[in-house]
Amino acid sequence: MLNRHYRYDRGMYDIIIIGGGASALFLAANITDTRVLLLEKTAQVGNKLRITGGGMCNLTNCDEPDRFLIHFGSPQQRTFLKPALMNLSPAATQVWFTERGVPLTAGRTGRCSPDPLMPERSSRCSKIRHSRTG
Ligand SMILES: Cc1cc2nc3c(=O)[nH]c(=O)nc-3n(C[C@H](O)[C@H](O)[C@H](O)COP(=O)(O)OP(=O)(O)OC[C@H]3O[C@@H](n4cnc5c(N)ncnc54)[C@H](O)[C@@H]3O)c2cc1C
């Protein structure tokens, strides 16, 4: 995030990502060996992410993808959605976060969030968000 503590020097970054939402943060976290600057217009990145799942930080759904997809739109719309869901499956998403020190637990509806018993749940969530963005 760029704020008054950071200085943007021309030529310092290879990639500039505009916006610090879930998609941008995930992209930034997966870019390696490249200098990335993530610019967010609000005071904090991941604002919407923070309020997902009723404030539990819902990161994926642990239900079987085919069962999960039933909740979305028409069969045609589900056919459109499925490749995106399967490209990074819920299981792979769980592994991704666990490998970065944020194990996920499934709630009653299959919603997967950082372990609610983890004392620093939100800050660890936000640490992941910041891990590749400087
Ligand atoms: C109340 C609520 C509950 C939700 N619950 C769930 C849930 O349980 N499960 C689920 O899967 N999804 C949930 N969602 C949806 C989920 O939050 C969004 O799908 C997700 O955040 C979209 O991510 P994004 O990166 O595409 O966009 P956003 O999260 O909207 O991120 C875009 C970012 O870009 C920034 N930005 C915009 N313009 C500029 C600019 N010109 N310069 C710099 N920065 C800019 C914005 O400030 C924002 O931070 C919920 C959404 C809301 C509002």
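Predicted model: local features only at pLDDT ≥ 70, side-chain atom pairs only at ≥ 80, totals over all residues.
**Exercise 1. The fold along the chain**

Task: State how many helices and strands the chain has, and in which pattern they follow one another.

Solution: Start with the count. The chain holds six helices and five strands. Now read along the sequence. The pattern is β-α-β-α-β-α-α-α-β-β-α.

**Exercise 2. Burial and contacts**

Task: Find what percentage of the chain counts as buried, and what share of the contacts with a separation of 6 or more joins residues 24 or more positions apart.

Solution: Take burial to begin. The chain has 134 residues, and 17% of them count as buried. Turn to the contacts. Among those with a separation of 6 or more, 50% link residues 24 or more positions apart.

**Exercise 3. Around the ligand**

Task: Describe the shell around the ligand by number, by element and by class.

Solution: Count the residues. The ligand is surrounded by 18, the closest being G19, G21, S23, K41 and T52. Helix 2 supplies the largest share, with six residues. Last, sort by class. Six shell residues are nonpolar, nine are polar and three are charged.

**Exercise 4. A glycine in helix 2**

Solution: Locate the residue. G55 belongs to helix 2. Now compare sequence with space.

**Exercise 5. Helix 5 and what follows**

Task: Explain why helix 5 is said to lie largely in the open, and describe the phi of G101.

Solution: Helix 5 spans residues 90-99, ten in number. One of these ten is buried, so the helix lies largely in the open.

**Exercise 6. The nonpolar cores**

Task: List the residues of the largest nonpolar core, then name the contacts of L104 beyond four places in sequence.

Solution: The largest core has six residues: L49, C57, L59, V102, L104 and C112. A second, separate core has five residues, including L25, A28, L38 and V45. Return to L104. With neighbours within four places in sequence set aside, L104 is in contact with L59, Q94, F97, T98, C112, S113 and P114.

Methods: Residues numbered from 1 in each chain as written. Near = placed C-beta within 6 Å. Helix = DSSP H or I, 4+ residues; strand = E, 2+ residues; numbered from the N terminus. Nonpolar A, V, L, I, M, F, W, Y, C, P; charged D, E, K, R; others polar. Buried ≥ 20, exposed ≤ 12 C-beta atoms within 10 Å, placed from the backbone. Contact = placed C-beta atoms within 7 Å. Core = buried A, V, L, I, M, F, W, Y, C linked by C-beta atoms within 7 Å.
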